[in-house]
Amino acid sequence: MTATAHAREVLQIAARAADSKGGEDLVALDVSGPLPLTDVFLLVTGRVERNVVAIAGEVEDQLNEAGVKTLRREGKSEGRWVLLDFGDLVVHVFHEEDRMYYALERLWKDCPVVPLELPVHAAE
């Protein structure tokens, strides 16, 4: 199986929202084959706890505004690993240390990467 068109559309909204708040190392994985309940994981890194919370908040706000309901949210108070479940899409926003420790890319290495369309940022 591959991720649905709806999941890919929602993914792009989430990725642009994460990018707008300084999210780094964005990786999207098509997990529709091994996981029957979701299509895509979006992995994002924030440099500090406040950044992690800001990224997660912006992703949730943008998707809710687009009519996508948050089904579950975990970890926002700690700001180390925030999980946002939107059904077809699950967003993982990590503090950089936690992202390296849990290494979800390695765990899901057999899943195809979904390309992201992000704005190009001017060099500062």
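At 64% relative accessibility, tyrosine 101 counts as exposed, where exposed means over 50% relative accessible area, buried under 20% and partly exposed in between (1.4 Å probe, protein chains only). The model is predicted, so local features need pLDDT of at least 70 and side-chain atom pairs count only at pLDDT 80 or more, while totals for chains, interfaces and linings use all residues. Residues are numbered from 1 along each chain as its sequence is written, and side-chain values use heavy atoms, with hydrogens and water left out.

A pair of aromatic rings is described by the distance of the centres and the angle of the planes. Rings of Phe, Tyr and Trp (its six-membered ring) pair if their centres lie within 6.5 Å, and planes under 30 degrees apart count as stacked, over 60 as edge-to-face and the rest as tilted. Across the whole structure, a search finds 4 aromatic pairs. In one of them, the rings of phenylalanine 41 and tryptophan 108 have centres 5.5 Å apart and planes at 85°, so the pair is edge-to-face. Because phenylalanine 41 lies in strand E2 (residues 40-46) and tryptophan 108 in the loop between helix H4 (104-107) and strand E6 (113-114), this pair ties together parts that are 67 residues apart in sequence; helices (H or I, at least four residues) and strands (E, at least two) are DSSP runs, numbered from the N terminus. Phenylalanine 41 is buried at a relative accessible area of 8%, and tryptophan 108 also counts as buried, at 19%.

The rings of tyrosine 101 and tyrosine 102 have their centres 4.9 Å apart and their planes at 90°, so this pair is edge-to-face as well. Tyrosine 102 is partly exposed, with a relative accessible area of 37%.

Helix H2 (residues 49-65) has 17 residues and reaches 24 Å from its first C-alpha to its last, close to the 24 Å expected at 1.5 Å a residue, the expected span being 1.5 Å times one less than the number of residues. Its buried residues include Val52, Ile55, Val59 and Leu63. The buried residues of H2 pack against helix H1 (5-20), E2, strand E3 (72-74), strand E4 (81-85) and strand E5 (89-95), with contact meaning heavy atoms within 4.5 Å. Just after H2, glycine 67 takes a positive phi of about 90°.

Glycine 22, in the loop between H1 and strand E1 (24-30), counts as partly exposed at 33% relative accessibility. Not counting residues up to four places away in sequence, glycine 22 touches Thr45, Asn51 and Ile55, and of these Asn51 and Ile55 are among the buried residues of H2.
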